[in-house]
Amino acid sequence: DYAFDGCTSLEKITFGKSVQTIGDYVVRGCQLITDITIPKNVNNASYAFAESYVENVVFEEGIKRIPDSIFRNSQHLNSVVIPEKEDTLDGYIIGDYAFANSSLLKIKLPESLTGIEDGAFSDCKGLETISLPDNIRSIGDYCFSGCKNLSAIYFSKSLQTIGDYCFRNCEEIKTMTIPSTVKNANYAFADSCIETLIFADNTVTVPYGIAIGNTHLKKVYLPE
């Protein structure tokens with residue numbers, strides 16, 4: 001942990017292919033390190049680049065999971081590249097709070113992404129739109145909570161679970177269509193600013209507490 005914290009003259013760091021663990025806050029305060037490549041064998045890197053000056057990151061193809069909180073509170077993050085995998089069934093998972101409260105403005109999620117865990121993009125106040133790939137099956141609790149400028153999100157055809165308070169305090173999202181594939185979305189839009197909820201054809205059950213506490217909700221459309 002803190003291996004190069006405060007090394008203000010350090011310009012570059014390259015991780016070997018066999019690296020599996022990167023400690024907490026490894027380059028915090030390293031103002032000249034703006035580009036990082038994460039090797040595919042890394043399986044433990046929670047908070048590794050949290051509060052860093054990294055602007056551009058590339059995750060190597062084959063990494064199993066984007067580590068929890070790896071770029072949490074990173075206010076210089078601009079570009080994230082997660083390459084496609086040939087085997088979409090053995091896809092990526094974005095871990096808990098991986099990019100929470102970062103400066104990320106946009107991200108292209110690969111089709112081989114299968115899940116986003118709790119709070120992964122929470123409080124990304126600059127994030128405006130995001131599309132969920134067709135293979136994604138779940139998004140975790142508080143996943144986009146506090147994304148105040150998020151105005152559009154496009155759900156995948158395979159989505160089954162939307163976590164609790166997923167869109168709490170998302171001020172710009174006004175209309176949401178819930179795919180019929182979603183089976184678990186309890187409290188998903190609780191305390192949100194959504195005004196119109198549309199349940200897709202073939203929807204069987206309206207999830208428990210899905211919009212509880214939402215004082216902005218004006219219209220709900222249910223299938224015949």
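Over how many bridges do E2 and strand E4 (residues 79-81) pair, and in which sense? They pair over three bridges, in the parallel sense. Two strands count as paired if DSSP finds at least two bridges between them.

1. Basis of the note. This is a predicted model, in which local features need pLDDT of at least 70 and side-chain atom pairs count only at pLDDT 80 or more, while totals for chains, interfaces and linings use all residues. Residues are numbered from 1 along each chain as its sequence is written, and side-chain values use heavy atoms, with hydrogens and water left out.

2. Secondary structure. The chain has 13 strands and zero helices. Helices (H or I, at least four residues) and strands (E, at least two) are DSSP runs, numbered from the N terminus. Along the sequence the pattern is β-β-β-β-β-β-β-β-β-β-β-β-β.

3. Overall dimensions. The C-alpha trace spans about 65 × 35 × 20 Å along its principal axes.

4. Burial and surface. Of the 224 residues, 44% count as buried. Buried means under 20% relative accessible area, exposed over 50%, and partly exposed in between (1.4 Å probe, protein chains only). The chain exposes about 10,700 Å², and carbon and sulfur atoms supply 45% of this area. Accessible areas come from the Shrake-Rupley method with a 1.4 Å probe; for residues, only the protein chains shown count as cover.

5. Contact range. Take the contacts in the chain with a separation of 6 or more: residues 24 or more positions apart account for 28% of them. Contact means heavy atoms within 4.5 Å.

6. The E1-E2-E4 sheet. This is an open sheet of three strands in the order E1-E2-E4, with parallel pairing. E1 and E4 stand at the edges with a single partner strand each, so one side of each lacks a neighbour in the sheet. The twist averages 10° from one strand to the next. Axes here are lines fitted to C-alpha atoms, for helices over the stretch in contact, and angles run from 0 to 180 degrees between N-to-C directions.

7. Four bridges join strand E1 (residues 35-38) to E2, and the two run parallel. Ile-36 stands opposite Val-57 in E2. On the E4 side, the bridge partner of Val-57 is Val-80. Asn-56 stands opposite Ser-79 in E4. Strand E2 (residues 56-59) has Val-57 and Phe-59 on a covered face, with Asn-56 and Val-58 on an uncovered one.

8. The E11-E12-E13 sheet. Another open sheet of three strands has the order E11-E12-E13, with parallel pairing.

9. Details of E11. E11 and strand E12 (residues 196-199) pair in the parallel sense over four bridges. Thr-175 has Thr-196 in E12 as its bridge partner. The covered face of E11 holds Met-176 and Ile-178; the uncovered one holds Thr-175 and Thr-177.

10. Cysteines. A search of the whole structure finds zero disulfides. The criterion is a pair of cysteine sulfur atoms within 2.5 Å. For Cys-7, the closest cysteine sulfur is in Cys-30, at 5.1 Å, too far for a bond. Cys-7 is partly exposed, with a relative accessible area of 31%. For Cys-143, the closest cysteine sulfur is in Cys-166, at 5.0 Å, also too far for a bond. Cys-143 is buried, with a relative accessible area of 0%.

11. Ser-69. Where is Ser-69 placed? Ser-69 is in the loop between strand E3 (65-66) and E4. Ser-69 is buried, with a relative accessible area of 4%. Leaving aside neighbours within four places in sequence, Ser-69 is in contact with Ser-46, Tyr-47, Ala-50, Asp-96, Tyr-97 and Ala-98.
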